[in-house]
Number of protein chains: 2
Amino acid sequence: MTEAPAELAALQERMAELTDLGRIHAMLFWDQNTMMPPNGAGARADHSATLEVISHDKLIDPEIGRLLAALEPWAAGEDPDSDAVRLLAAVKHDHEKAARVPTELAAAMSHADALGQQAWQEARAASDFSVFRDALERHIELRHRYVACFEPAEHPYDVLLDDFEPGLTTAELRPLFARLRDALVDLVASAAGNGDEARNNGVFSGPFEVDDQRRALMVVLEEVGYDPDGWRLDPAPHPFAQSLGPTDVRITTRYDLHDFGVAHFSALHEFGHGLYEAGIAPELSRSPLGQPVSLGIHESQSRLWENLVGRSRPFCGWVLPILREALGPGIPQRIDADALYRAVNSVQRSLIRVDADETTYNLHIILRFELELALMEGALSVDDLPAAWNEGMMRLLGVEVPNDANGVLQDVHWGAGLFGYFPTYTLGNLIAAQLWTRLEQDLPEIDQQLATGELAPLRDWLREHIHRHGRKFPPRELLERVTGDTLRPEPFLDYLRAKLTDAGAL
Amino acid sequence: MTEAPAELAALQERMAELTDLGRIHAMLFWDQNTMMPPNGAGARADHSATLEVISHDKLIDPEIGRLLAALEPWAAGEDPDSDAVRLLAAVKHDHEKAARVPTELAAAMSHADALGQQAWQEARAASDFSVFRDALERHIELRHRYVACFEPAEHPYDVLLDDFEPGLTTAELRPLFARLRDALVDLVASAAGNGDEARNNGVFSGPFEVDDQRRALMVVLEEVGYDPDGWRLDPAPHPFAQSLGPTDVRITTRYDLHDFGVAHFSALHEFGHGLYEAGIAPELSRSPLGQPVSLGIHESQSRLWENLVGRSRPFCGWVLPILREALGPGIPQRIDADALYRAVNSVQRSLIRVDADETTYNLHIILRFELELALMEGALSVDDLPAAWNEGMMRLLGVEVPNDANGVLQDVHWGAGLFGYFPTYTLGNLIAAQLWTRLEQDLPEIDQQLATGELAPLRDWLREHIHRHGRKFPPRELLERVTGDTLRPEPFLDYLRAKLTDAGAL
């Protein structure tokens with residue numbers, strides 16, 4: 001290793017500042033979604049916009065390009081896996097991507113995102129898609145202008161995907177999701193026999209007071225690895241996790257008085273996100289490498305804790321007595337570990353993505369992916385979207401959509417201009433299963449460990465193989481380094497079939 | 001009015017951005033002191049420092065000087081009381097002041113403030129001043145370097161004062177505080193007959209659970225003007241108020257299980273601060289004029305609600321049944337409105353500033369002011385500070401100081417390098433009394449209004465005369481505009497003597 005040139009330190013300093021600004025933005029987001037009084041929204045929009053402009057200006061500063069160019073010859077002689085060389089690659093990616101988008105377009109998109117969210121809210125409240133259609137059309141038009149800023153991609157959707165899952169292409173994703181779709185449609189046809197049962201089959205129906213639910217969550221979370229000195233748990237209508245630093249992790253959950261399962265699984269889900277952010281190597285934390293590498297990998301961590309751990313037979317056996325003690329008699333005596341395990345793994349056709357079970361969930365996503373592609377390709381007009389939605393819900397899930405509010409308007413994403421985002425939810429499920437396959441080889445006693453709440457080995461494995469690297473390796477490379485495998489749906493499908501069989505749903 | 005030149009809009013845009021950054025900084029501060037997990041402190045220090053550097057760089061940008069210069073001829077022809085002309089004056093003040101301090105010195109001061117706070121914490125925990133002495137010496141040395149950046153002032157302390165109370169001089173303050181001191185020492189000698197009684201004389205001794213206290217506070221606060229859609233109330237060990245915008249006001253309070261009066265009066269105090277920030281004219285809010293004009297004026301608003309309203313006979317009569325209903329039987333039956341009024345106006349010699357009553361409080365401040373002057377003048381060495389403190393406490397308050405923790409180390413201010421700050425607490429008391437004298441002329445029914453909880457006229461008066469102006473008029477000018485009077489202690493002393501007599505303490 002040769003001595004690093006002065007330009008590296010200069011670049012690192014700029015990146016530390018930009019990372020701080022990103023963390024501050026996360027702080028504003030967290031506050032807005034947990035603490036802010038409703039009337040604070042106007043001023044908050046100004047604050048966010050100001051931070052965004054400052055960050056953008058700093059990221060596209062031509063001096064960054066100059067530093068990168070000056071460092072290139074040096075980097076060529078360094079270990080390609082060193083933090084410094086990987087940092088340069090990440091900065092180059094971010095800088096060039098940001099610099100290609102004219103400030104005027106970035107501002108127009110940001111503005112349309114805010115307006116679109118508002119239009120979506122009104123449309124959903126009125127359950128009337130027509131209130132939202134103009135905003136959606138504007139979003140799509142702006143996405144085409146955005147795509148046009150970059151080198152022509154094989155598919156325009158590739159550019160959108162890259163913002164959430166760097167390097168993934170439509171050409172890869174389309175056949176992969178098609179395979180998954182066909183298999184899941186078959187699975188649901190066999191498994192969803194009990195379509196009119198309540199979610200979680202009433203095991204957690206309580207009712208349970210929010211304070212009691214929170215206390216129970218904290219017992220479980222502290223057992224699985226929540227650190228009270230470095231984490232917070234707050235209620236939020238749309239649960240999320242946010243990290244303001246590796247030792248300041250904020251997770252949220254939502255409470256349903258008549259279904260503790262909602263809080264339980266959303267807390268485990270957000271815990272998985274939080275643990276990822278908490279596990280990034282401290283030496284990366286004030287740099288662009290100190291972030292989760294992609295939404296798909298991020299989601300693999302949350303899904304792993306929510307589903308592969310939280311809905312596993314051994315974990316159900318371990319957690320039931322803890323919950324029974326914390327929640328008192330609200331859990332019926334007839335429920336034993338096996339009943340819990342079956343209940344939280346039932347398959348039900350349903351209308352709403354965020355309420356869907358592990359199996360049907362991915363069909364909700366695939367529908368959105370297909371529709372986004374069709375919209376971007378121009379094969380589907382905005383006006384025809386509701387009908388296409390309703391047709392897709394029937395085709396994929398066998399569900400009749402009663403109205404727009406519970407159909408095409410159910411998610412905020414399209415209102416906020418987030419196209420290319422939805423697929424990462426399913427990627428998370430696929431990747432979690434691929435990681436688990438590998439992890440079971442390294443931790444042959446994992447089932448027994450889950451059964452006794454001995455979760456340190458699992459946490460250590462995840463930190464060692466995924467978390468600590470942050471954004472150092474692109475998602476594709478990270479997955480291959482850890483699993484020796486490429487992204488594919490079969491491990492997920494194998495896992496699902498085995499579990500559904502074991503849980504009596506197949 | 002001539003058409004405003006383009007430079008004005010350019011300046012306003014820069015100032016809006018800077019104001020946003022200031023609000024974001026306030027957000028970080030609020031979070032740090034209410035929500036942040038303890039281990040978040042390290043990353044938070046980075047985030048704050050980054051924001052500070054960016055703000056400082058933007059404030060000293062020579063382009064601001066150019067815009068100001070270009071606008072001068074135009075401003076000369078405008079109404080000197082217009083928002084635009086006053087904005088230029090405020091920007092000029094801030095820009096020139098910031099530009100005079102070399103970045104290296106600003107960084108050294110910021111660094112010393114952080115280290116000083118840490119040293120102070122350790123010293124206070126050990127009750128050992130010697131642990132803090134080096135940090136304090138460094139602070140004073142840096143303040144001398146800071147003072148030297150500016151045009152020579154009549155007294156070096158003037159420069160420090162100006163950061164908190166713009167335009168106030170040592171030459172004015174010294175004789176004013178001397179008059180106040182002499183009168184208060186006499187007052188305390190007559191009134192503090194009951195020195196061994198508990199604060200609030202046991203009326204609120206409960207014990208009361210925090211949840212019950214909070215519920216009672218909310219009833220009172222919503223009656224006096226707290227807006228649930230635009231405000232928050234949270235617990236904090238050192239209560240403060242922070243506004244992230246005129247419709248996002250965060251106040252805090254602290255709870256003592258055995259004295260509800262602590263929460264009650266600190267909530268009224270912070271409510272006064274919050275109401276000021278909420279009342280600033282919306283059209284000023286994204287500019288340097290959209291801020292409280294000085295700490296003294298700010299404190300006048302909190303003291304007014306805490307003391308002139310909250311400890312008045314009519315308000316005590318109004319609030320007692322409300323508290324009795326909210327707090328249940330924890331308030332003894334023997335307590336009637338008169339007993340409450342007497343209890344919350346008793347005079348007691350005490351060691352700790354933040355626990356002091358309305359009368360003795362100012363002697364705590366005057367001691368700190370005298371010591372700060374002596375330290376800055378070199379008349380007192382750092383090593384002699386504890387002895388001077390103890391001597392002063394005996395001389396002014398007749399109190400024996402048992403140890404450093406409850407003496408010279410009790411406040412965070414000197415640890416954090418805040419010199420020139422303490423006087424503003426007493427200024428707040430003096431100004432509140434001067435405002436009240438004027439307000440009684442405009443609102444002759446104020447006592448009856450307080451007695452019936454009809455507080456809109458008072459809030460409106462404060463908004464009209466103080467709040468809405470923000471920082472438009474310098475504090476001296478604002479006071480004279482509202483009261484026709486200059487800063488002086490007599491109205492406060494008159495008010496205090498009258499109340500102590502009425503409450504049976506004199």
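Trainee: How many cavities of 30 Å³ or more does a search of the whole structure find?

Mentor: The search finds five cavities of that size. Please keep in mind that this is a predicted model.

Trainee: How does one look for such spaces in general?

Mentor: A probe the size of a water molecule is rolled over the atoms, and this shows where empty space is left.

Trainee: And how much space lies in the largest cavity?

Mentor: The largest cavity holds about 60 Å³ of space. Its lining includes Arg311(A), Asp357(A), Glu358(A) and Lys499(A). Also among the lining residues are Val344(A), Asn345(A), Ser346(A), Val347(A), Thr359(A), Leu496(A) and Leu500(A).

Trainee: How does that lining divide by class?

Mentor: The lining of the largest cavity has four nonpolar, three polar and four charged residues.

Trainee: Let us move to helices. What describes two packed helices?

Mentor: One gives the angle between their axes and the distance between the axes.

Trainee: Then what are those values for α14 and α16 of chain A?

Mentor: Helix α14 (residues 361–377) and helix α16 (residues 423–442) of chain A pack at about 140 degrees, and their axes are 8 Å apart. The two helices, α14(A) and α16(A), are therefore oblique to each other. The crossing of α14(A) past α16(A) is left-handed.

Trainee: Which residues make that contact?

Mentor: From α14(A) come Tyr361(A), Asn362(A), Ile365(A), Phe369(A) and Glu372(A), while α16(A) contributes Pro423(A), Tyr425(A), Thr426(A) and Asn429(A). In the contact of α14(A) with α16(A), five residues are nonpolar, three are polar and one is charged.

Trainee: α11 of chain A packs with α16(A) as well; at what angle?

Mentor: Helix α11 (residues 295–309) of chain A packs with α16(A) at about 65 degrees, with the axes 7 Å apart. The crossing of α11(A) and α16(A) is right-handed. Among the contact residues are Leu304(A) and Leu308(A) of α11(A), and Ile431(A) and Trp436(A) of α16(A). By class, the contact of α11(A) with α16(A) comprises twelve nonpolar, seven polar and two charged residues.

Trainee: What about chain B? How do α1(B) and α3(B) pack?

Mentor: Helix α1 (residues 6–34) and helix α3 (residues 62–76) of chain B pack at an angle of about 140 degrees, and 9 Å separates their axes. Consequently, α1(B) and α3(B) are oblique to each other. The crossing of α1(B) past α3(B) is left-handed. The contact residues include Leu8(B), Leu11(B) and Met15(B) of α1(B), together with Ile64(B), Leu67(B) and Trp74(B) of α3(B).

Trainee: How many charged residues does that contact have?

Mentor: The contact of α1(B) with α3(B) has three charged residues, alongside ten nonpolar and no polar ones.

Trainee: A change of topic: which residues does a cis peptide bond join in chain A?

Mentor: A cis peptide bond joins Gly206(A) to Pro207(A), with omega about 0 degrees. Pro207(A) sits in the loop between α8 (170–191) and α9 (210–224) of chain A.

Trainee: And which residues does one join in chain B?

Mentor: Gly206(B) and Pro207(B) are joined by a cis peptide bond, again with omega about 0 degrees. Pro207(B) is in the loop between α8 (170–191) and α9 (210–224) of chain B.

Trainee: Lastly, what is phi of Ser127(A)?

Mentor: Phi of Ser127(A) is near 50 degrees, which is a positive value in a residue other than glycine. Ser127(A) lies in the loop between α5 (103–126) and α6 (130–147) of chain A.

Definitions and conventions
Residues numbered from 1 in each chain as written. Chains lettered and ligands numbered in written order. Predicted model: local features only at pLDDT ≥ 70, side-chain atom pairs only at ≥ 80, totals over all residues. Heavy atoms only, no water. Axes fitted to C-alpha atoms, helices over the stretch in contact; angles between N-to-C directions. Helix = DSSP H or I, 4+ residues; strand = E, 2+ residues; numbered from the N terminus. Parallel < 35°, antiparallel > 145°, perpendicular 65-115°, else oblique. Left-handed = near helix turned anticlockwise from the far one by under 90°. Contact = heavy atoms within 4.5 Å. Nonpolar A, V, L, I, M, F, W, Y, C, P; charged D, E, K, R; others polar. 1 Å grid on protein atoms, 1.4 Å probe; cavity = no way out; pocket = protein on both sides within 12 Å on 5 of 7 lines; lining within 4 Å. Points joined across faces, edges and corners; volume = space filled by probe spheres on them.
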